[in-house]
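The sequence and structure come first.

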Amino acid sequence: MDLLTPAKVWAEAPPTPDAPTAPEIPMSVPKRLAMLATVIVPFLGLLGAIWMLWHRGQGWVSIGWAEVIVMLVMYAVAGFGITIGYHRLLTHRAFECPRWLRAMLAVFGSAAGQGMAIRWCATHRRHHQLADMEGDPHSPHLHGHGVWGGLRGLWHAHVGWTFEPDRPGLARSIPDLLADRTLLLIDQLYLLWVALGLIVPGVVLGLWTQSWVGVLSGVTWGGLVRIFLMHHVTWSINSVCHVFGTRPFNSADQSTNNFPIAIVSLGEGWHNNHHAFPTSARHGLKWWQFDASWCLIDLMRRLGLAWNVRLPNAAALAQKRR
């Protein structure tokens, strides 16, 4: 299943057993082009934003506090939709919450433009099942030795994997998500959520500035540039956080903790912690390991909006500590 395959298809097609000899189904040309657009268009938006800055003071739009604020707000909304919604809630079931909040987080995650929720979760569950082994969708360690092999691996883990077909049987790990009718509907409306993620910041800045230039600026900074930045932050978890960083816990892979990425990824960069304790709602396990997503989950817990929050106990931490 590729990025734009409606989730209904997952439910209608019974999952096939994993088998090394099972053929892969290549993406059609239109869907490859759609996948390419999700990578290229935000980058073009970044170039457009740079062009706007270059023409500052020449009667064209430039970045100011309004653009910065709308970009940061949209980054937080879509980012928490990915980290809390797609990842910790839907993929790893690290906590439970009301159905309306579950749906809202899935919509916010969809606005990030990283793919439909069900496919995203299926791919990530496969990553944990086969982390840094043959069959891992985005390991940087399976592409040869030496400098060239390392560079090929980093490219594949960062963005190259998004253009490859899914392995057979990927749907076997997500029966709980396929049974969720609300989530299936959200996936079928995926392009709407992506479009709203572009339109809303444009409308906000357009109303703020009372101009069409404001609309364009909002779409550019709160939409395209934000998606571009989020894409590369998320992809860095797959690439950088399996190569560079520290490994305080034993895990059957090469996952690492990376402080700078942890900050910009809202806590996801404590990746070795996460691989050691995949179902933990908290990834920053030390007091100094800032985890913005955990702070929000903990607030939800205090407000009664999250329960059955899963955390490793002291014995589990001691057992896996290197």
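## Second largest pocket

The lining of the second largest pocket consists of 16 nonpolar residues, one polar residue and no charged residue. Here Ala, Val, Leu, Ile, Met, Phe, Trp, Tyr, Cys and Pro count as nonpolar, Asp, Glu, Lys and Arg as charged, and the others, Gly among them, as polar. The model is predicted: local features need pLDDT of at least 70 and side-chain atom pairs count only at pLDDT 80 or more, while totals for chains, interfaces and linings use all residues. Residues are numbered from 1 along each chain as its sequence is written, and side-chain values use heavy atoms, with hydrogens and water left out.

Of the 17 lining residues, Val-73, Met-74, Val-77, Val-200 and Pro-201 lie nearest the centre of this pocket. Its volume is about 320 Å³. Helices H3 (65-91), H4 (99-110) and H9 (190-209) each supply at least two lining residues, and H9 gives the most, with eight. Helices (H or I, at least four residues) are DSSP runs, numbered from the N terminus.

On a 1 Å grid over the protein atoms alone, a pocket is an open set of points with protein on both sides within 12 Å along at least five of seven lines, a cavity is a set of points where a 1.4 Å probe fits but cannot get out, and lining residues have an atom within 4 Å of a point. Grid points are joined across faces, edges and corners, and a volume is the space filled by probe spheres set on the points.

## Cavities

There are two cavities of 30 Å³ or more. The second largest cavity holds about 50 Å³ of space. Its lining is made of Arg-99, Arg-102, Ala-103, Ala-106, Asp-180, Thr-182, Leu-183 and Ile-186: four nonpolar, one polar and three charged residues. H4 and helix H8 (181-188) each supply at least two of the lining residues, with H4 giving the most, four.

## Packing of H3 and H13

H3 and helix H13 (residues 292-302) pack at about 70°, with axes 10 Å apart. Axes are lines fitted to C-alpha atoms, for helices over the stretch in contact, and angles run from 0 to 180 degrees between N-to-C directions. The two helices are therefore roughly perpendicular (65 to 115 degrees).

Phe-80, Thr-83, Ile-84 and Arg-88 of H3 meet Ala-292, Ser-293, Trp-294, Leu-296 and Ile-297 of H13.

## Confidence

Mean pLDDT (the predictor's confidence in each residue, from 0 to 100) is 84, and 81% of residues reach 70 or more. pLDDT stays under 50 over residues 1-29 and over residues 31-40. Where pLDDT is low, the predicted coordinates should not be read in detail.

Methods:
Angles under 35 degrees count as roughly parallel, over 145 as roughly antiparallel, 65 to 115 as roughly perpendicular and the rest as oblique. Contact means heavy atoms within 4.5 Å.
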